[in-house]
Each structure stands twice: as C-alpha cells, then as structure tokens.
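Work through the exercises below with the model open. Each task is followed by a stepwise solution.

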Amino acid sequence: MSTMTLPETDTRTETTDQTSDDRPEMFHYVQKDKIAESAVMGTHVVALCGEVFPVTKSPKPGSPVCPDCKEIFNSLPPGGKD
C-alpha cells in the first residue's frame with residue numbers, strides 16, 4: 001500500500017449534502033488544481049475522505065468542513081514547493 005500526498009488542497013462543497021435553502025451542509029478538501037476544471041467542465045473531484053462530486057460552490061470563511069477530510073488533511077506531512 002502506498003501513500004500519496006496531495007500538494008495543494010482547498011475546500012469545496014459536496015453537492016449531495018444540501019440544506020433546504022440550497023446551502024451545502026459541509027465542504028470537503030480536494031486537490032486545488034482540480035477545482036477550476038470541475039467548476040468549468042463539470043468533471044467530478046475526489047475529496048480526501050473519498051466523496052466524489054462536481055464543484056458547484058466556493059466556501060466562505062467559517063463554512064463547516066467535513067470532519068473526515070479535516071482529520072486526514074491534518075495527518076498529512078507538510079507539502080513542499082515543487
């Protein structure tokens with residue numbers, strides 16, 4: 001089994017967790033370089049926790065983050081500038 005470090009991660013919404021007023025319940029960590037492609041092309045991204053979804057919204061400061069993604073992200077070693 002090998003482990004892969006995700007160099008640049010950001011939080012984006014998972015469209016399956018929606019509240020009644022169309023706000024996402026939580027945001028997930030995904031590879032930063034995949035966000036724009038997903039938003040423009042509608043392709044799906046894979047979050048650190050394994051959820052797969054298209055990026056449809058940007059998080060605002062203070063938005064709730066998936067606890068599984070946060071735990072995985074915090075356990076990763078710091079990324080370097082490649």
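Helices (H or I, at least four residues) and strands (E, at least two) are DSSP runs, numbered from the N terminus. This is a predicted model, where local features need pLDDT of at least 70, side-chain atom pairs count only at pLDDT 80 or more, and totals for chains, interfaces and linings use all residues. Residues are numbered from 1 along each chain as its sequence is written, and side-chain values use heavy atoms, with hydrogens and water left out.

**Exercise 1.** How many disulfides does the structure hold?

Step 1. Apply the cut-off: a disulfide is a pair of cysteine sulfur atoms within 2.5 Å.
Step 2. The count is zero.
Step 3. Check Cys-66: the nearest cysteine sulfur belongs to Cys-69, 3.9 Å away, and Cys-66 is in no disulfide.
Step 4. Check Cys-69: the nearest cysteine sulfur is that of Cys-49, at 3.7 Å, and Cys-69 is in no disulfide either.

**Exercise 2.** Is Cys-69 buried or exposed, and what does Cys-69 touch?

Step 1. Relative accessibility is 0%, so Cys-69 counts as buried.
Step 2. Cys-69 belongs to helix 2, residues 67-75.
Step 3. Leaving out residues up to four places away in sequence, Cys-69 touches His-28, Tyr-29, Ala-47, Leu-48 and Cys-49.

How values were computed:
Buried < 20%, exposed > 50% of the residue type's maximum accessible area, 1.4 Å probe, protein only. Contact = heavy atoms within 4.5 Å.
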